[in-house]
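Work through the exercises below on aromatic rings. Try each task before reading its solution.

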Amino acid sequence: QVQLVESGGGLVQAGGSLRLSCAASGPTFSRYAMGWFRQAPGKEPEFVATISWSEDTRYADSVNSRFTISRDNAKNTVYLQMNSLKPEDTAVYYCAGGITGWITGKYDYWGQGTQVTVSS
């Protein structure tokens, strides 16, 4: 069983930056694809970014060139650096992990989420 705990959310003004962290338990973190998703009030969850075990990355068009996903396998942690934030980035951000996530887009483990609010 893998447990994921997000941190780093908060309130920021438009144009500002935040870095989210997701700490994972378990010895097999380095084998997992990790992803970030978000859900805004009244909207469906949406994909934000993913990183494979070999550190290939993919991003949603809406965040490409503004957000950067990275991982530190020694710390069992994945990060999401968010720059040039916009009010439309306001959402609860969730970390996810799964062996096949990079290929299938499906993740087995999910964190509880962290709120990001961007004021205009």
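**Exercise 1.** In this predicted model, find which ring the charged end of Arg58 sits over.

Solution. The charged end of Arg58 lies over the ring of Trp102. The distance to the ring centre is 3.8 Å, and the cut-off is within 6 Å. Arg71 is placed over the face of Phe29, 4.7 Å from the ring centre.

**Exercise 2.** Classify the aromatic pair of Phe37 and Tyr107.

Solution. A pair of aromatic rings is described by the distance of the centres and the angle of the planes. The count of aromatic pairs comes to five. For Phe37 and Tyr107, the centres are 5.5 Å apart and the planes make an angle of 75°. Planes over 60 degrees apart count as edge-to-face, and the pair of Phe37 and Tyr107 is edge-to-face. Next, locate the residues: Phe37 is in strand E4 (residues 33–39), and Tyr107 is in the loop between helix H1 (101–104) and strand E10 (109–110), so the pair ties together parts 70 residues apart in sequence.

**Exercise 3.** Classify the pair of Phe37 and Trp110, then state whether each residue is buried, partly exposed or exposed.

Solution. The ring centres of Phe37 and Trp110 are 5.0 Å apart and the planes are at 55°, so this pair is tilted. Phe37 in strand E4 and Trp110 in strand E10 are 73 residues apart, and their pair links distant parts of the chain. Phe37 has a relative accessible area of 13%, so Phe37 is buried, since buried means under 20%. Trp110 has 42%, so Trp110 is partly exposed.

**Exercise 4.** Which residues form one aromatic cluster?

Solution. The cluster consists of Phe37, Phe47, Tyr107 and Trp110.

Technical notes:
Residues are numbered from 1 along each chain as its sequence is written. This is a predicted model: local features need pLDDT of at least 70, side-chain atom pairs count only at pLDDT 80 or more; totals for chains, interfaces and linings use all residues. Side-chain values use heavy atoms; hydrogens and water are left out. Rings of Phe, Tyr and Trp (its six-membered ring) pair if their centres lie within 6.5 Å; planes under 30 degrees apart count as stacked, over 60 as edge-to-face and the rest as tilted. Helices (H or I, at least four residues) and strands (E, at least two) are DSSP runs, numbered from the N terminus. Buried means under 20% relative accessible area, exposed over 50%, partly exposed in between (1.4 Å probe, protein chains only). A charge sits over a ring if NZ of Lys or CZ of Arg is within 6 Å of the ring centre and within 35 degrees of the ring normal.
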